[in-house]
Amino acid sequence: MALLDGIEAGAEDSYDRRYGDRQLLRRITPYFRGRGGAVAFVTAAVVVAAAAGSAVPILLARTVDSALDDDARSVMTLLAVAVLLTGAAAWLFTVLQQRLTGALVGDAVLKLREDAFAAAVRQDLAFHDGHPTGLVVSRVTNDTQTFGALLSLVLSLFGQVLVVLLILTALFVINVPLALLTTAVVALIVAVSLAFRKRARTASTRQQQALAEVSGYVQETLRGITVARNHRGEAAAEAGLREVNGRWYQASVRLNRLFSGIFPLLISLTGLGTTAVVLVGGHNVASGDLSAGEWVLFLEALALFWSPVAAIASFWQQLQQGLSAGERIFALIDREPAVRQSAQLPPPRLRGALELRGVSFHYTPERPVLHDIDLTVAAGETLALVGHTGAGKSSLVRLLTRSYDFQEGTLLADGRDVRTFDLAQYRRCLGVVTQTPFLFSGTVADNIALGRPGADRAAVEAAAHAVASGAWLRQLPEGLDTPTDEGGRNLSTGQRQIVALARVFLQDAPIFILDEATASVDPLTEAQIQEGLDALAAGRTTIVVAHRLPTVRKADRIVVVDDGRLVEQGDHATLMRRGGAYSRLYRQYFHHQHPDHDPADEPSGTERAAVGAGVHPAEASDAVDH
Ligand SMILES: Nc1ncnc2c1ncn2[C@@H]1O[C@H](COP(=O)(O)OP(=O)(O)OP(=O)(O)O)[C@@H](O)[C@H]1O
């Protein structure tokens with residue numbers, strides 16, 4: 001063990017916590033609610049099977065004993081029938097118990113997995129940004145399965161413990177001093193097991209965390225397969241896997257060493273018990289305190305006694321793995337989202353007026369991102385947020401959508417604090433289109449339909465036609481019924497944006513938030529997106545993180561964000577006249593997108609260098625392309 005001491009495998013996630021065995025038991029009990037009858041039957045079946053199972057060897061021992069008696073034949077026949085019946089009962093009840101246990105545990109794992117999944121979905125963006133998806137997936141899938149195996153195990157353990165108790169009773173009936181001696185050895189075995197408990201649990205947890213890291217790495221690499229191939233190279237990706245896999249290997253070896261040490265130790269303790277009984281018993285027989293028959297009977301029963309004890313010891317590893325899996329699942333389920341609401345009031349049908357008062361925000365305390373923001377957006381107004389990359393535009397939008405919680409200030413919608421609203425209902429008041437919208441696997445129509453649960457085909461078609469009169473559908477092989485891959489990979493970025501716009505149309509939310517794509521799309525698609533935007537913006541509050549000149553120019557108001565502060569506001573013409581931050585940004589960036597821009601107006605070499613340092617690579621390439 002010392003060899004592997006100090007190896008750190010599978011770092012804990014920030015929300016991991018320790019649960020005592022009793023706490024875990026309290027947490028799992030509700031998953032069997034309403035199944036009291038089945039649990040009682042399984043328990044009874046375990047008791048009957050254990051009683052019958054332990055009666056068989058005792059009866060067998062009696063059979064051997066009575067072979068020496070005078071009326072051996074009749075007693076032997078009776079005992080043989082009894083052995084047969086108890087054996088059959090043990091078999092029948094074991095089968096029944098195992099079938100029912102399978103169903104009970106299966107149901108509990110189903111519910112547990114649903115809860116773990118719901119907890120993962122409920123978490124805020126801070127959680128998902130901070131914890132790789134693969135690691136969370138591993139808790140919802142692998143850990144729930146391992147915990148399910150534990151539940152079955154606990155029931156069979158319960159059976160084995162009963163067998164141990166029943167045979168121990170028989171041992172006490174045969175000879176009290178020798179039975180006490182045996183009990184002392186059992187107590188020693190229990191004490192050793194408990195002493196290893198903490199280390200075993202820690203080692204099991206580390207192994208599961210390391211496995212989650214492997215699945216996280218595989219998932220992340222496959223999601224970014226293009227980057228992995230083009231930039232990191234396949235060899236580098238494989239080297240990365242070797243590293244996380246190596247950590248899993250070390251954690252597994254460590255766990256194995258720990259258990260391979262415990263199990264033989266427990267088994268040798270049982271040998272020690274037998275040796276003690278042989279020594280003490282032999283002594284008592286020699287001194288005439290114990291009959292030879294009793295001694296032999298005791299040794300026979302003792303031999304039968306150790307087998308369930310050894311079985312319990314061999315369950316040890318699975319038991320600890322199951323418990324640590326339980327801890328990991330409940331840590332996820334019990335994690336409180338960082339975005340907290342002070343009340344759960346249903347928001348009224350919002351008109352869409354928004355106001356930020358003195359809002360400050362950071363992702364990590366040492367790096368403030370937004371400073372004391374005051375911003376009022378009137379209902380129906382279109383606002384363009386512009387600024388260099390990293391200025392804080394997307395962060396501001398994330399606060400509006402309550403994806404992250406701000407640390408200071410107030411956010412009001414129609415004059416009411418949004419923190420008092422039911423979060424899910426408030427979010428339904430926002431139609432959000434991200435830079436590269438995510439589409440679920442299904443069809444284009446399915447993805448649009450997500451905008452309004454229960455929307456019929458006619459409503460979906462109407463929403464699709466609201467964007468550029470539906471002309472974009474002709475570019476899709478099967479129109480609305482074109483299948484979409486996970487994420488929408490088989491559609492271009494522009495097409496994905498159009499689908500997302502149609503989704504927001506169907507949603508008909510009073511507030512529309514768009515993080516405009518920086519990727520260039522073909523002129524036709526761009527025109528279609530623009531038409532969609534114009535139609536969506538009409539009559540609703542629109543906030544656009546703007547990267548394209550037409551959007552900026554059409555906005556009622558442009559807000560320039562710089563280093564987490566709002567430095568300028570106004571319409572295009574006013575801001576240009578003012579010659580401040582916006583006009584500099586315009587000259588450095590937006591100006592290049594102007595259809596009749598004159599290369600002679602290009603910024604000087606120094607200005608270009610400044611833009612190159614500040615502007616997102618995609619934006620920079622946009623600027624070159626246009
Ligand atoms: N999830 C995050 N965790 C920690 N820091 C973040 C996170 N997201 C953004 N930041 C940091 O916050 C700052 C503002 O980022 P933000 O994405 O809001 O800028 P932006 O103006 O939207 O830029 P872009 O135009 O490139 O999208 C940056 O310094 C960025 O590194």
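Is Tyr-363 buried, exposed or partly exposed? Partly exposed, with a relative accessible area of 34%. Buried means under 20% relative accessible area, exposed means over 50%, and partly exposed is in between, with a 1.4 Å probe and protein chains only.

Some ground rules. This is a predicted model: local features need pLDDT of at least 70, side-chain atom pairs count only at pLDDT 80 or more, and totals for chains, interfaces and linings use all residues. Residues are numbered from 1 along each chain as its sequence is written, and side-chain values use heavy atoms, leaving out hydrogens and water.

Now the rings. The whole structure holds nine aromatic pairs. Rings of Phe, Tyr and Trp (its six-membered ring) pair if their centres lie within 6.5 Å; planes under 30 degrees apart are stacked, over 60 edge-to-face, the rest tilted.

Take Tyr-363 and Tyr-404. Their centres are 4.9 Å apart and their planes at 85°, so this pair is edge-to-face. Tyr-363 sits in strand 1, Tyr-404 in the loop between helix 10 and strand 4, so the pair ties together parts 41 residues apart in sequence. Helices (H or I, at least four residues) and strands (E, at least two) are DSSP runs, numbered from the N terminus. Tyr-404 is buried, at 9% relative accessibility.

Next, Tyr-582 and Tyr-586. Centres 6.4 Å apart, planes at 35°, so tilted. They are four residues apart in helix 18, about one helical turn.

Last, a cluster: ring pairs link Tyr-19, Tyr-31, Phe-147 and Phe-330.
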